[in-house]
Amino acid sequence: MSASFFEEVLMTLDNANRHLNLPQGIFQRLRLPRRSLIVSVPVQMDNGGVEFFTGYRVQYDFARGPAKGGIRYHPRVTLDEITALAALMTWKCAVVDIPFGGAKGGVACDTTIMSRDEIKRLTRRYTYEIGILIGPEIDIPAPDMYTDEQVMAWMMDTYSMMKGYSVPGVVTGKPICLGGSLGRNRATSSGLVTTVIEALKVLNMSIDNLTVSVLGFGKVGFHAAKILYDLGAKVIGVADSKGAIYNPQGLNIDEVAKHKSQFDSVQGYKEAENLTVDELLSIESDVLIPAALEAQIHKGNVDKIKTKIVAEGANNPVTIEADEVLNSKGVFMLPGVLANAGGVVVSYFEWVQDLQRFFWNEQEIDDRLNTIMRRAFKEVLAISQEKKIDMRTAATVLGVKRVAEAVTIRGLYP
Ligand code: NAD
């Protein structure tokens, strides 16, 4: 039986600890989530009936500051998955050195068969149920798969109604008119591209005519494809949940986006060949960006992959076994705890702006984001080179070391 997602995250933590040798008590502390809440979410459906959904919020660790992490709506959401993602958020916030702990939340539901009103009622009741755990000083949710800025607006409104006044800082990834930050919608992808550019420098490669494949064409995948396309790279393949498209001459990403908004899939775009997601994975490219679900690249399909750089837009889209294979082939791995941290960095900027009621311009946000992402990349690369370890273990060493320092210096209560 293959390892669960959380077991995979713990294996990476174990690997990192071989280089950290943390005291037993601290290490055990970091192998367990601090708080896990499971809620039942009754929702009045459009047909008049009531359905019950299961929701979760896990605060993995908050030694370094309030817990932070997205909300996922997906049929496959489980406590194991949310715990794994909350742990990764903990290391990720520490890798980029922002003063947050890690959390994650989600509801097991299929939004593709729900109306907007049903999603609104689900969001409001879920927010109410986890309302005992969230708040701008405690735990700040954000969007993740199948949640967007409208869902954040409903969450902010519900929490504010519970309090009796407006609390913009309770969530990030909000619409700009409610205290959202400029640049947040493309922040994850922009940070990811910064790490790809740094990797290109290490490999002596150029962005001109760089061939790129992107799995997932949502918030992260679309913006990553678009930024790279605008920088002169050739995006030769993209995929969404319905399938993939491929054009060796490069896709016009603006046109693909128009097609997707019209037909709800990238498939059928006239200037490309339709492929399955697995077929796209076997097409040679310089950079592969998995930006959909976890574990999409596994021991069953890793041998097909022919790429020089894998930049993880999603969290752990490459399993540990597949990661070992890619590392042994000399593929430059950009793990999600580093590569997709741009989203939480600009979420941090949004939270700071909300608390101060003072907003920054886009240039300030882009510059600060770039500085943080470049610094984190260099720190992870230095650990990888110094200890002769792969980039995922190196990033985990950096993140876990910072969390462990905070846990240690705070001491054990009481
Ligand atoms: P999203 O809902 O906006 O987009 C998800 C995309 O993945 C959609 O295009 C969907 O069609 C596609 N998809 C789903 N299943 C697929 C499959 N089996 N094969 C190929 N494509 C598939 O979600 P998002 O916000 O872009 O998040 C994508 C990933 O990035 C998630 O793993 C998320 O945890 C991670 N992430 C997101 C952010 C963020 O700021 N949104 C930050 C860090 C990490």
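Predicted model: local features only at pLDDT ≥ 70, side-chain atom pairs only at ≥ 80, totals over all residues.
Show its contacts beyond the neighbours within four places in sequence: Val9, Leu13, Leu30, Tyr60, Val337, Thr396, Gly399, Val400 and Val403.

Now widen the view to the core. Trp91 is among the residues with the most contacts inside the largest nonpolar core, which has 93 residues. Next, select helix α3, residues 79-95. This helix gives the most to the core, with 11 residues.

Colour by domain: domain 1 is 33-166 and domain 2 is 186-339. Where does this core lie? Both domains give residues to the core, so it lies between them.

Keep that core on screen and pick Leu37, Val41, Ile71 and Leu133. These belong to a second, separate core of 26 residues.

Switch to the cartoon for the sheet. What is the strand order? The open sheet of five strands reads β1-β2-β4-β3-β5, with mixed pairing. Find its edges: β1 (35-44) and β5 (139-143) each pair on one side only. On average, neighbouring strands are turned by 20 degrees against each other, direction ignored.

Zoom in on β3 (residues 67-73) and β4 (residues 101-107). Their pairing is parallel, over five bridges. To see one partner pair, select Tyr73 and then Val107, its bridge partner in β4.

Last stop: helix α4, residues 116-130.

Terms used. Residues numbered from 1 in each chain as written. Heavy atoms only, no water. Core = buried A, V, L, I, M, F, W, Y, C linked by side-chain atoms within 4.5 Å. Buried < 20%, exposed > 50% of the residue type's maximum accessible area, 1.4 Å probe, protein only. Helix = DSSP H or I, 4+ residues; strand = E, 2+ residues; numbered from the N terminus. Domains from an automatic or database assignment. Contact = heavy atoms within 4.5 Å. Pairing = 2+ DSSP bridges. Axes fitted to C-alpha atoms, helices over the stretch in contact; angles between N-to-C directions.
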